[in-house]
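Dear colleague,

I am passing on the structure we spoke about, with the sequence alongside. Please look it over first; my notes on what was found follow below.

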Amino acid sequence: MVKILFLHPDLGIGGAERLVLDAALAFKTKGHDVAFFTNHHDPTHCFAETRDGTFPVTVIGDWIPRSIFGRFKAACAYARMVFAAVYLAWYVIPVEEPTLIFCDLISLCIPFLKMASGPFRVVFYCHHPDKLLTSEGGPLKRIYRAPLNWLEELTTAKADKVLVNSKYTARVYQDAFQKIKDVPDICYPSINTDFFNKTTPKCLKEVVPVGTDKFIFLSINRYERKKNLPLALEAMNYLKSILHESDWERVHLIMAGGFDPINLENMEHFIELTDLVTELDIEDKVTFMKSPKDDEKVSLLYYCRALIYTPSNEHFGIVPLEAMYYSKPVIAVNSGGPTETIVNEVTGFLCEPNRKSFADAMCKLIASPDLCGRLGESGRKRFETKFSFEAFTNQLDGILTRERQLISEARAVDSEEKEKKRK
């Protein structure tokens, strides 16, 4: 058994949070001791594993502001993570003596973690280069971002091992960080299938006021503008014009996703979406749900007929895997990570990011229930073959084994040097 520490900015509800928790579960199934450190953790807005005692969670630096008058969010996030890294280097690492520190999202913490003495290794999981996630802005924004972007590349290179979530992200990583010569390892995320297997779906009406007689399309994504959620609503509206009235009567869209009440964008975008539903006159066809609990999400996946996944150039996308595990076809944009998980017209449909393309795919499923079943079964087989939790666990354990070997070799070299000095 070895000690593994995870450092993550905000243990809320999202794909990055699900990934690090699944990685921690993978290590725990191999008998390792895992602990989380974070800048923010709200027990009312998090995954169950961080509040039910599965993993100890320590919050560091939450007193540092998230922004300054609504601006400088990236700089504040960097400062919060640096503070947490310094705290770990001074007070935690010398006591816990971890073998591995697993961090993600913000690489600036890496050199500060390495201030601590000890033969530990730092693994950085790059979901996507942060420099590419920010909007362009004007000259002042570019001046503000320039040192942050430079620091991101410089500090990412300090990691002992860099992992990325897809071939797509690997290409983006190499284009964005051209001074880093080491090629990152691809480590496809998976999902905690043990939880899904043990969780009995609730009656759908206990979760949302929608009957199981409806042909339910499901969208699960955080309420953020980059997720392109209006596309699902526009596709629903277009669907109304191409379906027979009797088919349109039984169609329903459930839009569920992470909603943080202290996140201004979440609140603004939720209002924008509800306003759009009113404008399109499809209020009776759409049900919104904020931050579904894990067992509620199981029910949504169980009762839906297909998943609608609207982000373009998504780095990977965990939700399509969850749908595939439940044998549901996935309709997604033909770019980014979904092109590696979804096989067009075999496990779902890869579409252009416009309402007609999505609506046409939705129409095919409505017209042929057997097609839903065939695509869903193929998706489940693809999941088991390529994206199972067992494969994810074995890959992470292999990485840990190699890092431990490197630690042993470093210790042997250090011992030899000390012996030579004594002589």
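In this predicted model, Phe-36 stands opposite Val-57 in E3, and the two strands concerned, E2 (residues 33-40) and E3, run parallel and are joined by 3 bridges. They belong to an open sheet of 7 strands, paired in parallel, whose order is E3-E2-E1-E4-E5-E6-E7. At its edges lie strand E3 (57-59) and strand E7 (185-186), each of which pairs on one side only.

Towards the E7 end of that order, helix H5 (residues 167-176) lies across strand E5 (121-126), strand E6 (161-164) and E7, and runs at about 125° to E6. Which residues of H5 are buried? They are Tyr-168, Thr-169, Ala-170, Val-172, Tyr-173 and Ala-176, and these pack against the strands E5, E6 and E7 as well as against helix H4 (139-156) and helix H13 (338-341).

Helix H4 also meets helix H2 (residues 73-96): the axes of the two helices come within 10 Å and cross at roughly 35°, and the crossing is left-handed. On the H2 side the contact is made by Lys-73, Ala-74, Ala-75 and Tyr-78, while H4 contributes Tyr-144, Arg-145, Leu-148 and Glu-152. Sorted by class, the contact of H2 with H4 has 5 nonpolar and 3 charged residues, and no polar ones.

Methods:
Residues numbered from 1 in each chain as written. Predicted model: local features only at pLDDT ≥ 70, side-chain atom pairs only at ≥ 80, totals over all residues. Heavy atoms only, no water. Pairing = 2+ DSSP bridges. Helix = DSSP H or I, 4+ residues; strand = E, 2+ residues; numbered from the N terminus. Contact = heavy atoms within 4.5 Å. Axes fitted to C-alpha atoms, helices over the stretch in contact; angles between N-to-C directions. Buried < 20%, exposed > 50% of the residue type's maximum accessible area, 1.4 Å probe, protein only. Left-handed = near helix turned anticlockwise from the far one by under 90°. Nonpolar A, V, L, I, M, F, W, Y, C, P; charged D, E, K, R; others polar.
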